[in-house]
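Please brief me on this model.

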Amino acid sequence: MDADAANYDESKVPVYTLTDPLVMADGSKVADADAWLVKRRPEILKLFQDHVYGRGPGKPAGQEFDVVSENRSALDGKAIRKEIDVFFLGREKHAKMRMLIYIPKDAKGPAPAFIGLNFRGNHTIHKDPEISITESWVPNDKQIGYENNQPSERSRGSQASRWQVEKLISRGYALATIYCGDIDPDFHDGFKNGVHPLFYKEGQTSPASDEWGTVGAWAWGLSRGLDYLENEAEVDGKKVAVMGHSRLGKTSLWAGATDERFALVISNNSGCGGAALSKRQVGETVGRINSSFPHWFNGNFKKYSDNEAALPLDQHMLIALMAPRPVYVASAIEDRWADPRGEFLSAFHASPVYKLFGKDGMPAEEMPEENKPVISTISYHIRSGVHDVTAYDWDRFLDFADSYMR
Ligand code: GCU
């Protein structure tokens, strides 16, 4: 089935029932914010671990950080640039990811920050010739000269429009980014490469059906990046927003759910397995994503291929796991594969949980028009154009962050 053969017709959306986030597993009602935090939230987190993303190993002991480069006059003197190697199990074990950080030079104190994974290597987020080129496996991509899974010099800056580094810096934010392939290369090899094998028990050769897949590993990597940022004097570790696009937007949501240290969470065009409701079966479905990308989710998620009605949860409950922290869900009008309406509805149906905290969640009951953002504790917009991250999206995310992180 190709993307064109998917369902985009609202009249063909099956009748579905969404699990009420405010009813506990034992049938009792969640009375207040305390009951949510102590009892219901852990129940829902466990549902997502069991059925969708899998359980990760948590914070490893003995993590070590090396500052491998530092330039205090990057971007024409406007920024400090650092590259940090994060050794997950200490230097001796070698396994690491490299994080690139830009920090505004004229910051008056520790800067609030955005952290996000990138698709093609840190050197693709800006033309800056001093960013080191990834040594990890990369997907072949003729347009930027990636062949035989090797990166190229000419790919520098090829994803710059998605990152808007100068804009972030001029607005006073630091940016930290990591190539997702440093954590787990994005292809299915039975979990032999990437971070999974570092945590296998004796005799284990692949994750159990309720253990982490690739999205789980990527989200775990974001938390390891935050571990470093908490120790970075020039960044405010209590004001770190996690942002991601598409498969990496699914990842930013899961990172925000599993790690409450992220102060603000942004999902851009995250679609199926991200912000979009699975039970609508519009655009990409659970069956389709599991067959194209069998490594992204856990083994148990396969049970819901062409069987969404059996899911004991839906993605509105993932958004609810951010409460009471601010969360922004962004869609694009031509990104029908990601089901913009389903993304909006998740944001909307997470709102009752925010109300427990005296916040209004997503105030709009109807989907807003193109380029008319609805801004509240849960914010939403549908931008004109295609599946991408643009300057328009960043302007909204930065305004949103200004309300909570300045
Ligand atoms: C594919 C996939 C989506 C994903 C997207 C991306 O289109 O089906 O689920 O979000 O790739 O990551 O760009």
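The briefing below goes topic by topic.

This is a predicted model, in which local features need pLDDT of at least 70, side-chain atom pairs count only at pLDDT 80 or more, and totals for chains, interfaces and linings use all residues. Residues are numbered from 1 along each chain as its sequence is written, and side-chain values use heavy atoms, with hydrogens and water left out. The structure holds 2 cavities of 30 Å³ or more.

**Helices**

- Helices (H or I, at least four residues) and strands (E, at least two) are DSSP runs, numbered from the N terminus.
- The expected span of a helix is 1.5 Å times one less than its number of residues.
- Helix α4 covers residues 214-230. Its 17 residues should span 24 Å, and its end C-alpha atoms are 24 Å apart, which agrees.
- Buried means under 20% relative accessible area, exposed over 50%, and partly exposed in between (1.4 Å probe, protein chains only).
- Helix α4 is mostly covered, with 16 of its 17 residues buried.
- Helix α5 (residues 247-258) has 12 residues. From first C-alpha to last, α5 reaches 17 Å, close to the 16 Å expected.
- Helix α5 is largely enclosed by the rest of the structure, because 10 of its 12 residues are buried. Among them are Leu248, Lys250, Trp254 and Ala257.

**Cavities**

- A cavity is a set of points, on a 1 Å grid over the protein atoms alone, where a 1.4 Å probe fits but cannot get out; lining residues have an atom within 4 Å of a point.
- Grid points are joined across faces, edges and corners, and a volume is the space filled by probe spheres set on the points.
- For lining classes, Ala, Val, Leu, Ile, Met, Phe, Trp, Tyr, Cys and Pro count as nonpolar, Asp, Glu, Lys and Arg as charged, and the others, Gly among them, as polar.
- The largest cavity has a volume of about 70 Å³. Its lining consists of Leu117, Phe119, Gln159, Arg162, Trp163, Met243, Gly244, His245, Leu248 and Val389.
- Strand β6 (residues 235-245) supplies the largest share of that lining, 3 residues.
- The lining of the largest cavity divides into 6 nonpolar, 3 polar and 1 charged.
- The second largest cavity has a volume of about 60 Å³. Cys272, Ala276, Leu277, Ser278, Gln281, Val282, Glu284, Trp337, Ala338 and Asp339 line it.
- By class, the second largest cavity is lined by 6 nonpolar, 2 polar and 2 charged residues.

**Ser267**

- Ser267 sits in strand β7 (residues 264-268). Its relative accessibility is 0%, so Ser267 counts as buried.
- A polar contact is a pair of N or O atoms within 3.5 Å; within protein, one must be able to donate a hydrogen and the other to accept it, and residues adjacent in sequence count only if both atoms are side-chain atoms.
- The side chains of Ser267 and Ser270 form a polar contact of 2.8 Å.
- Contact means heavy atoms within 4.5 Å.
- Neighbours within four places in sequence aside, Ser267 is in contact with residues including Gly244, Gly249, Ser252 and Tyr328.

**Asn7**

- Asn7 belongs to the segment before α1 (33-53).
- A polar atom of the Asn7 side chain lies 2.9 Å from the backbone nitrogen of Asp9.
- Asn7 and Glu284 are 277 residues apart in sequence, yet 8.4 Å apart in space, C-alpha to C-alpha.
- Leaving aside neighbours within four places in sequence, Asn7 is in contact with Lys12, Val13, Gln281, Val282 and Gly283.

**Pro207**

- Pro207 is in the loop between α3 (180-183) and α4. At 16% relative accessibility, Pro207 counts as buried.
- Pro207 and Gly54 are 153 residues apart in sequence and 8.9 Å apart in space, C-alpha to C-alpha.
- Not counting residues up to four places away in sequence, Pro207 touches Phe191, His196, Tyr200 and Trp212.

**Backbone exceptions**

- Most residues other than glycine have a negative phi, and most peptide bonds are trans.
- Asn149 has a positive phi of about 60°. Asn149 lies in the loop between β4 (111-118) and α2 (165-170), and is partly exposed at 26%.
- Gln281 has a positive phi of about 55°. Gln281 lies in the loop between β7 and α6 (286-292), and is partly exposed at 28%.
- Ala323 and Pro324 are joined by a cis peptide bond, with omega about 0°. Pro324 is in the loop between α7 (315-320) and β8 (327-332).

Note on methods:
1 Å grid on protein atoms, 1.4 Å probe; cavity = no way out; pocket = protein on both sides within 12 Å on 5 of 7 lines; lining within 4 Å.
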